[in-house]
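With the structure open in your viewer, please follow this tour step by step, selecting each group of residues as it is named.

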Amino acid sequence: MNQKGISEKEVLSVLNAARQKDTSYEKVLSAMCTMPHPVAVKAHLQFIESNLGDFGLFPGTKELEDKVIRIMGDLLGDSQACGYITTGGTESNLQALRAARNLSGKKRPNFVVPTSAHFSFDKIGDLLGMEIRKAGLDKDFRVDIGSVEDLIDENTVALVGIAGSTEFGSIDPVDKLADIASSHDLFLHIDAAFGGFVIPFLDKKYDFDFSVSGVTSITADPHKMGMSTIPAGGLLFKEESCLLPLEINTPYLTIKAQHSLTGTRSGAAVAAAYAVMTHLGREGYRKIVTRCMGMTRRLVEGAGEFGIEPLIDPVMNIVALDVPDLDEVRKELRGKGWFTSITRTPRAMRILVMPHLKEETLELFISDLGACAGRTYR
Ligand code: 0PR
């Protein structure tokens with residue numbers, strides 16, 4: 001550390017230089033995060049010092065958190081659901097499986113996820129000392145129910161379903177998972193980290209949330225399609241009894257107990273989530289999702305004119321394009337400023353059509369894609 005402090009002006013100039021190196025979201029087609037809504041940013045700044053790790057000091061922020069959980073519960077099929085705002089999908093998934101493990105009391109616990117599950121579940125298996133079992137997928141990249149059943153044994157404590165998979169945006173058959181979970185008396189966690197703020201606003205209806213009896217917990221992230229600031233994940237439980245195994249006594253705080261994984265915890269992110277959710281309302285989110293889905297269809301149509309097809313018809317604003325010479329084409333696109341990503345099996349170009357993408361930027365991408373893939377219009 002420097003001995004003598006430097007002026008604020010100098011500090012800000014270093015920060016500005018660092019910021020210049022960061023990527024603006026304009027040509028980013030690989031991220032599940034986006035520009036937060038301006039009202040979320042305002043709220044975040046207003047609550048910058050608020051710490052929900054000791055919420056006795058911040059009862060106003062705590063009330064906002066309770067309201068956010070109620071809003072999210074209402075959105076996800078049960079306004080009585082309980083939970084808290086986490087740092088993101090990883091913490092929510094971890095805490096859900098920790099609750100499942102502790103409730104089961106099993107000595108050598110395992111859990112079953114689809115192979116499409118986010119890599120956070122590999123971290124979780126390691127951290128919780130649980131064996132992770134991966135079930136196969138059907139042709140639409142949804143979990144294969146037969147494969148899930150084959151993996152269940154007497155040490156299984158939880159099943160995981162994905163509502164909006166990271167790579168394909170596919171939605172697992174949650175009703176069928178719920179049937180199996182109920183018949184084996186298993187905890188059923190739904191990872192809707194991405195899909196939680198998309199699926200309720202799609203034209204097509206999907207049963208993926210607490211409206212399906214047998215769903216125990218849900219992850220849904222305000223800092224992804226919820227348009228809020230980082231770090232904000234949502235963890236919701238159907239029953240309050242699921243929070244109990246996460247409870248820790250906090251003798252020297254203004255509160256008696258905590259359920260969160262982290263101690264000190266951002267109240268700013270909670271205020272931001274409350275602000276954007278109430279400001280947009282269902283109508284506002286529907287507009288955003290409808291726009292993203294319109295652009296998603298335009299991308300599929302545009303790529304199709306070059307003979308480039310998606311692996312599946314996009315379910316949400318995630319497209320996996322079957323691009324020949326994938327690595328070469330991605331490299332060339334990178335040279336033109338585009339950030340794309342990939343799916344693993346089968347390998348394809350993965351594109352997220354997030355709210356920060358502008359219509360004219362999408363048209364530019366489509367024409368660059370055609371040019372880089374050496375294609376002319378069909
Ligand atoms: N569950 C699902 C279905 C996810 O897609 C993700 C993250 C998580 C859980 C974990 O969430 P946190 O990252 O909030 O802990 N999915 C993205 C991914 O890993 C996150 C992301 C966001 C990646 C922005 C890149 C990026 O620029 O691909």
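This is a predicted model: local features need pLDDT of at least 70, side-chain atom pairs count only at pLDDT 80 or more; totals for chains, interfaces and linings use all residues.

Begin by colouring the chain by its domain assignment, which gives domain 1 (14–36 + 282–372) and domain 2 (38–278). The centres of domain 1 and domain 2, taken over C-alpha atoms, are separated by 26 Å. If you then display the contacts across the boundary, you will find 27 residues of domain 1 in contact with 37 residues of domain 2.

**The ligand and its shell**

Select the ligand next, together with the 17 residues that surround it, of which the closest are Thr90, His118, Thr166, Asp191 and Lys224. Colouring this shell by domain shows that at least three residues come from each of domain 1 and domain 2, while colouring by class shows five nonpolar, eight polar and four charged residues. Helix α4 (residues 89–104) provides the largest share of the shell, with three residues.

Which side chains place a polar atom at 2.8 Å or 2.9 Å from an oxygen atom of the ligand? Selecting threonine 166 shows a polar side-chain atom 2.8 Å from a ligand oxygen, and selecting histidine 223 shows a polar side-chain atom 2.9 Å from an oxygen atom of the ligand. The protein covers 76% of the 600 Å² of accessible area that the ligand has on its own.

**Asparagine 93 in helix α4**

Stay with helix α4 and select asparagine 93, which is placed in this helix. Is asparagine 93 buried or exposed? Its relative accessibility is 1%, so asparagine 93 counts as buried. Leaving aside residues up to four places away in sequence, asparagine 93 touches Ser120, Phe121, Ile124, His189, Asp191 and Thr219; among these, Asp191 is also one of the residues listed as closest to the ligand. The side chains of asparagine 93 and serine 120 are joined by a polar contact of 3.4 Å.

Move on to the loop between β13 (348–352) and α10 (359–372), where histidine 356 lies. Histidine 356 has a relative accessible area of 12% and is therefore buried. Its side chain reaches the backbone oxygen of valine 28 at 2.9 Å, and it also makes a polar contact of 2.8 Å with the side chain of threonine 34. Apart from residues up to four places away in sequence, histidine 356 touches Tyr25, Val28, Cys33, Thr34 and Met35.

Lysine 358 is found in the loop between β13 and α10 as well, but at 47% relative accessibility this lysine counts as partly exposed. With residues up to four places away in sequence set aside, lysine 358 touches Arg291 and Met295.

**Threonine 340**

Now select threonine 340, in the loop between α9 (326–335) and β12 (341–343). With a relative accessible area of 9%, threonine 340 is buried. Its contacts, not counting residues up to four places away in sequence, are with Ser30, Arg330, Leu333, Met349, Arg350, Ile351 and Phe365.

**Backbone features**

Finish with the backbone, bearing in mind that most residues other than glycine have a negative phi, and most peptide bonds are trans. The peptide bond from isoleucine 230 to proline 231 is cis, with omega near 5°, and this proline lies in the loop between β6 (217–219) and β7 (233–237). The peptide bond from threonine 345 to proline 346 is also cis, with omega near -10°, and proline 346 sits in the loop between β12 and β13.

For positive phi, select phenylalanine 141, where the value is about 65°; this residue is in the loop between β3 (131–135) and α6 (145–151), and at 10% relative accessibility it counts as buried. Aspartate 325, in the loop between β11 (318–322) and α9, has a positive phi near 50°, and with a relative accessible area of 60% aspartate 325 is exposed.

Note on methods
Residues are numbered from 1 along each chain as its sequence is written. Side-chain values use heavy atoms; hydrogens and water are left out. A residue is near a molecule or strand if one of its heavy atoms lies within 4 Å of it. A polar contact is a pair of N or O atoms within 3.5 Å; within protein, one must be able to donate a hydrogen and the other to accept it, and residues adjacent in sequence count only if both atoms are side-chain atoms. Accessible areas come from the Shrake-Rupley method with a 1.4 Å probe; for residues, only the protein chains shown count as cover. Helices (H or I, at least four residues) and strands (E, at least two) are DSSP runs, numbered from the N terminus. Ala, Val, Leu, Ile, Met, Phe, Trp, Tyr, Cys and Pro count as nonpolar, Asp, Glu, Lys and Arg as charged, and the others, Gly among them, as polar. Domain bounds come from an automatic or database domain assignment. Buried means under 20% relative accessible area, exposed over 50%, partly exposed in between (1.4 Å probe, protein chains only). Contact means heavy atoms within 4.5 Å.
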